[in-house]
Amino acid sequence: MVVAAFVSAAATASAETPTALFTTGAQNALSVVPGSGGAVLTSVTQARLRLSRTGSWWALTAFATGQPSTNDTFILVGDASGVVYAVGETTTLPGLDVGFTAIPNAQLGVNESGAVAIKATTTAASPSANDAVVKNSAAGASFSVVALEGTPVPGVPGETFGGTMDSITLFDDGSVVHRASGTQGSLPSTADDVLRFDAPSSILLQAGSVVPTGQFGGTTAPIVGINDEAFVAEDRTSFIA
């Protein structure tokens, strides 16, 4: 059984009781995915848990029974009160005409408004354009596309997004930074990874480059790849890649 609990800062210095957010325990109301028609949570993956800047919102990927195998994955988004909303696998995302069919580890972000950004394989008909990074603007709001497989990579002439997009951070103003690995075009494999912002669109880091300055090796050893768990801090200039 998995139980997620919220403990406030005050609770660390008092006898305040933690609040249960959800559980995988059977016969418990907290194990039912909201709006799912009765799907019961069975497991979660800690690699798929993300917190907002202050920890007031959280998002994770969870799995459930009581649904077909094509509809048993959910993105749960919540606050200290518990699950606020859930996005179900293959369910059409509000504002878009697709749902998601898979989401890799750690590839989602959540901000202080309860908005989420996710990278997912979508239900789009074309297999060459079915991977995307999408976001909404607030809890339960419509989604929009941040990056779509097969479309041009802004700031990298001649390259289009491939299917590998991850390392997502969603900032409080709604902008997203993410990694796009293995972009398609004429760039060699040592230069086709980028870490980019969507708004305003800009490239923070690109493989094969010595920009920004201060990298290990100076100007003589450009990086040849960007890690799939890259992280960009709130100041938008500090990063781990």
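**Close-up views of a predicted all-residue model**

View 1. R179 forms a salt bridge with D166, and the closest N and O atoms of the two side chains are 2.7 Å apart. This pair links distant parts of the chain, since R179 stands in strand β13 and D166 in strand β12, 13 residues apart. A salt bridge here is a side-chain nitrogen of Lys or Arg within 4 Å of a carboxyl oxygen of Asp or Glu, and strands (E, at least two residues) and helices (H or I, at least four residues) are DSSP runs that are numbered from the N terminus. The model is predicted, so local features need pLDDT of at least 70 and side-chain atom pairs count only at pLDDT 80 or more, whereas totals for chains, interfaces and linings use all residues. Residues are numbered from 1 along each chain as its sequence is written, and side-chain values use heavy atoms, with hydrogens and water left out.

R179 also meets D193 in a salt bridge, at 3.9 Å from N to O. Here R179 in strand β13 is joined to D193 in the loop between β13 and β14 (194-198), 14 residues apart. R179 is buried, with a relative accessible area of 7%, and D193 counts as buried at 8% relative accessibility.

**View 2. The salt bridge between R53 and D172.** The side chains of R53 and D172 meet in a salt bridge, with 2.7 Å from N to O. R53 lies in the loop between β3 (40-51) and β4 (58-65), and D172 in the loop between β12 (164-170) and β13 (176-181), so the pair ties together parts that are 119 residues apart in sequence. R53 counts as exposed, at 53% relative accessibility, while D172 counts as partly exposed at 29%. By the rule used here, the count for the structure comes to six salt bridges.

**View 3. The ring pair of F22 and W58.** How many aromatic pairs does the structure hold? The structure holds two aromatic pairs, and the one shown here is F22 with W58, which is tilted, at 5.6 Å centre to centre and 45 degrees between the planes. F22 lies in strand β2 (residues 19-23) and W58 in strand β4, so the pair ties together parts that are 36 residues apart in sequence. F22 is buried, with a relative accessible area of 2%, and W58 counts as buried at 5%. Rings of Phe, Tyr and Trp (its six-membered ring) pair if their centres lie within 6.5 Å, and planes under 30 degrees apart count as stacked, over 60 as edge-to-face and the rest as tilted.

View 4. The rings of F171 and F197 have their centres 6.2 Å apart and their planes at 35 degrees, so the pair is tilted. F171 belongs to the loop between β12 and β13, and F197 to strand β14, 26 residues apart. Both F171 and F197 are buried. R236 lies over the face of F171, at 4.2 Å from the ring centre; a charge sits over a ring if NZ of Lys or CZ of Arg is within 6 Å of the ring centre and within 35 degrees of the ring normal.

**View 5. The surroundings of G99.** G99 is found in the loop between β6 (82-88) and β7 (100-102), and at 0% relative accessibility G99 counts as buried. Leaving aside residues up to four places away in sequence, G99 touches T90, T91, T92, L93, T121, T122 and T123, where a contact means heavy atoms within 4.5 Å. G99 and E89 are ten residues apart in sequence and 6.5 Å apart in space, C-alpha to C-alpha.

**View 6. The chain as a whole, with its confidence.** The secondary structure of the chain comes to zero helices and 17 strands, and buried residues make up 42% of its 241 residues. The mean pLDDT, which is the predictor's confidence in each residue from 0 to 100, is 85 for the chain, and 86% of the residues reach 70 or more. Confidence is lowest in strand β1 (residues 3-6), at a mean of 61, and highest in strand β11 (residues 143-148), at 95. Where pLDDT is low, the predicted coordinates should not be read in detail.

Methods:
Buried means under 20% relative accessible area, exposed over 50%, partly exposed in between (1.4 Å probe, protein chains only).
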